Amino acid sequence: MAALDTLKAFFEASLKPSPVVFAIGFAFVLFFPVLLHILVTQKSTYTTLPSVLLVGPSGAGKTALLTLLERGPLSAPAGEKPSLTGPASPAPTHTSQAPAAVELAVSTDGTSSFRDDLDATGATAKRFLLIDTPGHAKLRRLALSHLSPAKPSTSPTSSYSATPKSRLKGLVFVLDAAALADGDALPATAAYLYDVLLALQKRASGAKGSKPPPAIPVLIAANKLDLFTALPAALVKSNLEAELGRIRKTRSRGLLDSGVGADDDVAGIEEGDDWLGEYGSDKFSFKQMLEFDIEVEVVGGSVLGDGPGADRWWKWIGQRA
């Protein structure tokens, strides 16, 4: 009974206006929101959207593809009416100097077109980031950093500076199928592709623990098939496989010539540190990447002109995002 009286007296005193009561109330109102914010931000991290990475050499059409998928084929030459169904004519682009990302939406089943206005139709959509990376040789590290084992930033302002590995759902390697026709562009294009696939291979094979990282499928988008001189997708695939096989032999021979594989260092070469695909195989094929759970598909298309368009690329992206 005495305890109840004491508690009653405490509440009566706390409700009476006094300098102490006002000071306590003011401190509570002022500092409680700050304290709550600190507790929430410490216990939660910024969550990025699922992402698809655009990589490839300069001039292949990455930024043009990004613009097309973001805005649709709405622009048209001067004096002509824009069309939603005609040949794609995205806004003019320039060589990228830094990564850029746009937020896109596709229907939950991945079947909607990039031309569709999902908000207008009221369709249920899933959102993802499409990340364009510079293709210049000196800036390709920005693309490869998305595939490195380094822990990405959780800051909202750097949502595409380093993509969390669990949120990277696919990689699109865009190349110029017309440039590959004369053979001069093939070695440089294949060398970049080699580095990309090798980074994915090391990511898969170098994972620690029993649970492997999520697989990242690869689409090789053979662009500019609207041009008469462009190689068809099947020939792009065979030429790339042959050149990738030549590159891995050259790099392996270079390591041995430098003494890396001598004596007690031979084990490092045998483990295939810089060897893409099935170790020791005479010829390379994209099927060898399945050993590392990396699916590689070559699909032809075009961002501009009257060619096959970008619909097959969008379908691939939408089904994996």
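Student: Which of the 41 residues in the largest nonpolar core touch the most other members?

Tutor: This is a predicted model, in which local features need pLDDT of at least 70, side-chain atom pairs count only at pLDDT 80 or more, and totals for chains, interfaces and linings use all residues. Residues are numbered from 1 along each chain as its sequence is written, and side-chain values use heavy atoms, without hydrogens and water. A nonpolar core is a set of buried Ala, Val, Leu, Ile, Met, Phe, Trp, Tyr and Cys residues joined through side-chain atoms within 4.5 Å, where buried means under 20% relative accessible area, exposed over 50% and partly exposed in between (1.4 Å probe, protein chains only). Of the 41 members, those touching the most others are L171, L197, I220, V236, L240 and F286.

Student: Which element gives the most residues to this core?

Tutor: Helices (H or I, at least four residues) and strands (E, at least two) are DSSP runs numbered from the N terminus. Elements giving two or more residues include strand 4 (168–176), strand 5 (218–223) and helix 7 (233–257). The most, 10 residues, come from helix 6.

Student: Which residues does V236 touch, beyond those up to four places away in sequence?

Tutor: V236 is among the core members with the most partners in the core. With contact taken as heavy atoms within 4.5 Å, V236 touches L175, A177, L180, A222, L231 and V298.

Student: In what order do the 6 strands form the open sheet?

Tutor: Two strands pair if DSSP finds at least two bridges between them. Strand 2 (100–107) and strand 6 each pair on one side only and are the edge strands, while the twist averages 25° from one strand to the next. The pairing is mixed, and the order is 2-3-1-4-5-6.

Student: Which residue in strand 5 is the bridge partner of F173?

Tutor: Strand 4 and strand 5 pair in the parallel sense over 6 bridges. In strand 5, the bridge partner of F173 is I220.

Student: At about what angle to strand 5 does helix 9 run?

Tutor: Axes are lines fitted to C-alpha atoms, for helices over the stretch in contact, and angles run from 0 to 180 degrees between N-to-C directions. Helix 3 (residues 62–71) packs on the sheet, its direction making about 160° with that of strand 3. Helix 9 (residues 311–320) lies across strand 1, strand 2, strand 3, strand 4, strand 5 and strand 6, and its angle to strand 5 is about 165°.

Student: What percentage of the protein chain's residues count as buried?

Tutor: The protein chain has 9 helices and 6 strands. Of its 321 residues, the share that counts as buried is 39%.
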